[in-house]
Amino acid sequence: MAQPDQKKFFENLSGAGKAIAVLTSGGDAQGMNAAVRAVVRVGIYVGAKVYFIHEGYQGLVDGGENIEEAKWESVSSMLQVGGTVIGSARCKEFRTHEGRRAAAQNLVLRGITNLCVIGGDGSLTGANLFREEWSGLLDELVQQGKINRESAEKYSHLNIVGMVGSIDNDFCGTDMTIGTDSALHRIIEVVDAIVTTAQSHQRTFVLEVMGRHCGYLALVSALACGADWMFIPEMPPADGWEEQMCTKLSQNRARKKRLNIIIVSEGAIDTSNKPITSEHIKNLVVKCLGFDTRVTILGHVQRGGTPSAFDRILASRMGVEAVLALLEASADTPACVVSLCGNQAVRLPLMECVQMTQEVQKAMDERRFEEAVRLRGRSFENNLNTYKLLAHRKPQSELPIDDPSCRSSFNVAVLNVGAPAAGMNAAVRSAVRVGITEGHKIFAVNDGFEGFAKGQIKEIKWGDVGGWTGQGGSLLGTKRTLPAKHLEKIAEQMKANKINALLVIGGFEAYLGLVELLAARGKYDEFCVPIVMVPATVSNNVPGSDFSIGADTALNAITDTCDRIKQSASGTKRRVFIIETMGGYCGYLASVGGLAAGADAAYIFEEPFDIRDLQANVEHLTAKMKTSIQRGLVLRNENSNENYTTDFIYQLYSEEGKGVFDCRKNVLGHMQQGGAPSPFDRNFGTKIAAKAMLWISRKLKETYRKDEGRVFANTDDTACLLGMRRRAFVFQPVVDLKNETDFVHRIPKEQWWLKLRPLMKILAKYKTSLDVSESGQLEHVVRHRRPEESEGVPA
């Protein structure tokens, strides 16, 4: 990594004299257009010529009009479009030596020696072979008289950078591939719709999702909807699964669960390598249980629709990183693929990733399924472990009894604190079920610390949280009240209910609450128990975590609204929209929402602005109105500036834009907190709460004093916040986070997403400074297991 005093800046990298071509190949995936847009705009920004290659490798072989120079305006309005606007096609010719020679000729004639390929492992393998053969192909073209020797020498090597576009998330080396999150959105939309009809009729639904060789979509959607059973290629069910599944379905129905959901990956197999089809499962349920059962095969619906906010941001970041990699590449640089590791874009050798992806298939063919799961990577393995924790309720006889002297096990209380955030309920469900599986009694506290003081606490059972995963808001009830005024009463309730540990799910108030409880440990022994917080707030302003439950759902709400607003402007030219987002003083939603929606500017508190900046933005929009893109989008965080209010900015833009453009404003308000949680938030909430409960179990064992028959925890590391930082989940003592916190403005002092702001500006054609010190190092694919807490972003 570059040292802080050796910072590299994007603006110092020049693309002058270089030509970059971008193509999409293989199956389409939502978000591909966002990647193409980023490559085109950043390429033009640095002074390179950029070309579209239409129809994938077929267009590369055929040449002619299929290779078209791209302009800045060419990629306008692409961000929100699913599929791939420049087309994709399977190409037999490119698999032949002659086909690749024709492709090389078409590139050399246009001076293109930088190729950005967006596709699956087959497409990327083809690109690597093309690169390896390049000099030989050029020699042949010279001998045939199709190019001259000067051209062959001038364009003597080809640089390749890949981005993985695949809804299956089946490529090793990246936590997420472009399109996976959007495919999960389509699946979860269908599941949510099915839930209502299935509950009306007491039905069982068998859902078949894509994933011929990889069960990622089935696995994550099963986690995200709390499915009763799941079938994936990487985990064939043990012999006798038919009876086990039917027993579980009938038990769930006996507990008054009105619907059953079974999710099947299209590539699911049993231990004898025989396919497990959705029709076979339906017939089995009907024959054994007589349940009214329906099959829904989602098919290409999963590839369709608009890309999610996550996919737009992922693809945009990858596109910028891909151009950066091409600009820095030399003849000795191996072809690389841009990947996501945690919340960081990294570069990995393309063939290392392809080889590991092929190793997964080999392991599955040889029935080494545990090895295949490990090779799939930490994201897949982590999801599968969480599913196993939650999927099957253990009989009482199997529950752990740590010590004969505490057979009654431990009592753990769960509460929500602060404003509601989509995904809180998924976190509570996960915590309750993992806690019960760990042998604890779980108590639900209603209405946060206020409800705790009033004694609104009762035991919550396994069945009580059924169906909670997809519910928005907070079913436990939540309040912003801090515990300081109610410490005595909360201590009394903890004593009365023999609470041995606390799990707090919430935002900045939850964090402040932990600080207050920690300070009160000296006075009240009742607070000397393990306490852990899971961040849940749309504002994403909790110190110690790059992500919070609920922020992704809010981003999607903002992005969807911006899409509609931009669409409404398509009939009315020369219009600028000013949109106010939530977030308190934290500019996360405005900044990252701006990147996802293709905004021209985003005003936030963390980056002070004045009247000169507002004037410069107006002038920028005035210039934009003279092009073919005659609309503007400006986001403003609610507390970005007390004087430059949304009304003030609206009036200023209206006055200054007179005769050039007119303005509209929209305050999004509480719609950002509402709605069903996104797949990311359901999955993130489920996984992080499961980790938190396992931490509680560990700390309870460590702090249980046998001689006194009680838990006593008063060290700093027994009151932690579980957050995701860069590439790992980390338990951090709350005490250590105080120095990282701006308590006045309720934000962390340093925020990782500020590094994304220049990307939004560059893609909106502003000249700006972008620190790329953390880029440029080619890493290697990690094969070893990481520690339990050190895992990347959940899908």
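**Figure 1. Aromatic pairs in the predicted model, with a close-up of Tyr57 and Phe94.** This predicted model holds 21 aromatic pairs. In the pair shown here, the ring centres of Tyr57 and Phe94 lie 4.1 Å apart and the planes meet at 15 degrees, so the two rings count as stacked. The pair joins distant parts of the chain, since Tyr57 belongs to helix α2 (residues 56–62) while Phe94 sits in the loop between β3 (67–69) and α3 (97–109), 37 residues apart. Tyr57 is buried, with a relative accessible area of 5%, and Phe94 is likewise buried, with a relative accessible area of 5%.

**Figure 2. The ring pair of Phe130 and Trp134.** The centres of these two rings, Phe130 and Trp134, are 5.5 Å apart and their planes stand at 85 degrees, so the pair is edge-to-face. Both Phe130 and Trp134 lie in helix α4 (residues 121–143), where 4 residues, about one turn of the helix, separate them. Phe130 is buried at a relative accessible area of 0%, and Trp134 is buried at 1%.

**Figure 3. A cluster of aromatic rings.** Phe310, Phe547, Phe680, Phe684, Phe729 and Trp752 are linked into a cluster by ring pairs.

**Figure 4. Charged side chains over ring faces.** Lys767 lies over the face of Tyr45, at 4.4 Å from the ring centre, and Arg376 lies over the face of Phe380, at 6.0 Å from the ring centre.

Figure 5. The mean pLDDT of the chain is 91, with 94% of its residues reaching 70 or more, but pLDDT stays under 50 over residues 402–408 and over residues 784–795. Where pLDDT is low, the predicted coordinates should not be read in detail.

Definitions and conventions. Residues numbered from 1 in each chain as written. Predicted model: local features only at pLDDT ≥ 70, side-chain atom pairs only at ≥ 80, totals over all residues. Heavy atoms only, no water. pLDDT = per-residue confidence, 0-100. Contact = heavy atoms within 4.5 Å. Phe/Tyr/Trp six-rings, centres within 6.5 Å; stacked < 30°, edge-to-face > 60°. Helix = DSSP H or I, 4+ residues; strand = E, 2+ residues; numbered from the N terminus. Buried < 20%, exposed > 50% of the residue type's maximum accessible area, 1.4 Å probe, protein only. Lys NZ or Arg CZ within 6 Å of the ring centre and 35° of its normal.
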